[in-house]
Amino acid sequence: QGAAAAVGLADAINAVRGAEQPKIDCIDVGGGLPVSWGRDVPQSPTFQEYSSALHEAAPALFDGESFPRVITEFGAILNCKMAFFASIVEVTKQTDDSVIAMVSAGSDLFMRQCYAPHMRGPHPVRAYSASGLPKEAPLTRHDIA
């Protein structure tokens with residue numbers, strides 16, 4: 001629905017622009033595909049389902065003439081299940097309902113969780129010992145900082 005609204009707005013603006021004025025020829029449809037965590041969890045919706053929904057709601061995106069450039073923002077869906085980070089836990093701090101683990105993974109690694117935590121669920125994180133073996137302790141909620 002959002003892509004269709006953007007196309008409708010761009011079409012309305014282009015309709016009132018003069019011949020000498022540039023037309024809107026690029027649409028950013030954003031991302032919005034959620035990451036289906038887990039090795040054996042099928043992606044839902046799939047890229048094909050997403051594409052089909054866009055074809056139905058905003059066919060002008062695919063006609064090759066109305067908007068020669070269509071931008072998507074599939075960062076999370078393309079990268080989250082394929083990436084990893086490694087860091088040493090420098091220190092932990094107990095809070096009322098969790099533990100904060102301070103790591104040396106870079107201050108910009110999990111920005112979305114910092115400025116918009118409601119937009120995405122937590123990243124799955126596994127802890128390993130100094131020898132590289134999985135930690136065997138009971139699962140405990142941790143916030144990573």
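Visitor: Through how many residues does a hairpin join β3 to β4?

Guide: This is a predicted model, in which local features need pLDDT of at least 70 and side-chain atom pairs count only at pLDDT 80 or more, whereas totals for chains, interfaces and linings use all residues. Residues are numbered from 1 along each chain as its sequence is written, and side-chain values use heavy atoms, with hydrogens and water left out. Strands (E, at least two residues) and helices (H or I, at least four) are DSSP runs, numbered from the N terminus. The hairpin joins β3 to β4 through 4 residues.

Visitor: In what sense do β3 and β4 run, and how many bridges join them?

Guide: Two strands pair if DSSP finds at least two bridges between them. Within this pair, K93 stands opposite I100 in β4. The strands β3 and β4 run antiparallel, and the number of bridges joining them is 5.

Visitor: Which residue in β5 does A101 stand opposite?

Guide: Strand β4 covers residues 99-103 and pairs with β5 in the parallel sense, over 3 bridges. The residue in β5 that A101 stands opposite is I144.

Visitor: Which are the edge strands of the open sheet?

Guide: The sheet has 3 strands with mixed pairing, in the order β3-β4-β5. From one strand to the next the twist averages 25°, where axes are lines fitted to C-alpha atoms and angles run from 0 to 180 degrees between N-to-C directions. An edge strand here pairs on one side only, and this holds for β3 (89-94) and β5 (142-144).

Visitor: Is S98 buried or exposed?

Guide: S98 lies in the loop between β3 and β4. Setting aside neighbours within four places in sequence, S98 is in contact (heavy atoms within 4.5 Å) with K93, R141 and D143. Buried means under 20% relative accessible area, exposed over 50%, and partly exposed in between (1.4 Å probe, protein chains only). The relative accessible area of S98 is 5%, so S98 is buried.

Visitor: Is N14 buried or exposed?

Guide: N14 is found in helix α1. Apart from neighbours within four places in sequence, N14 is in contact with K23, I24 and F67. With a relative accessibility of 14%, N14 counts as buried.

Visitor: Which side chains meet in a salt bridge?

Guide: Side chains of opposite charge can pair when their charged atoms come close. A salt bridge requires a side-chain nitrogen of Lys or Arg within 4 Å of a carboxyl oxygen of Asp or Glu, and the count by this rule is 1. The N to O distance is 3.0 Å, and the side chains that meet are those of D25 and R69.

Visitor: How many residues apart are D25 and R69?

Guide: D25 is partly exposed at 33% relative accessibility, and R69 is partly exposed at 48%. The pair links distant parts of the chain, with D25 in the loop between α1 (2-16) and β1 (26-30) and R69 in strand β2 (residues 69-72); their separation in residues is 44.

Visitor: Which residues make the nonpolar surface patch?

Guide: One member, I144, is found in strand β5 and is partly exposed at 35% relative accessible area. The patch, of about 300 Å², is made by F85, L109, V125 and I144.

How values were computed
Patch = residues over 30% accessible without salt bridge, like charges linked within 9 Å, V, L, I, M, F, W, Y side chains within 5 Å. Areas by Shrake-Rupley, 256 points an atom, 1.4 Å probe, with all protein chains shown as cover.
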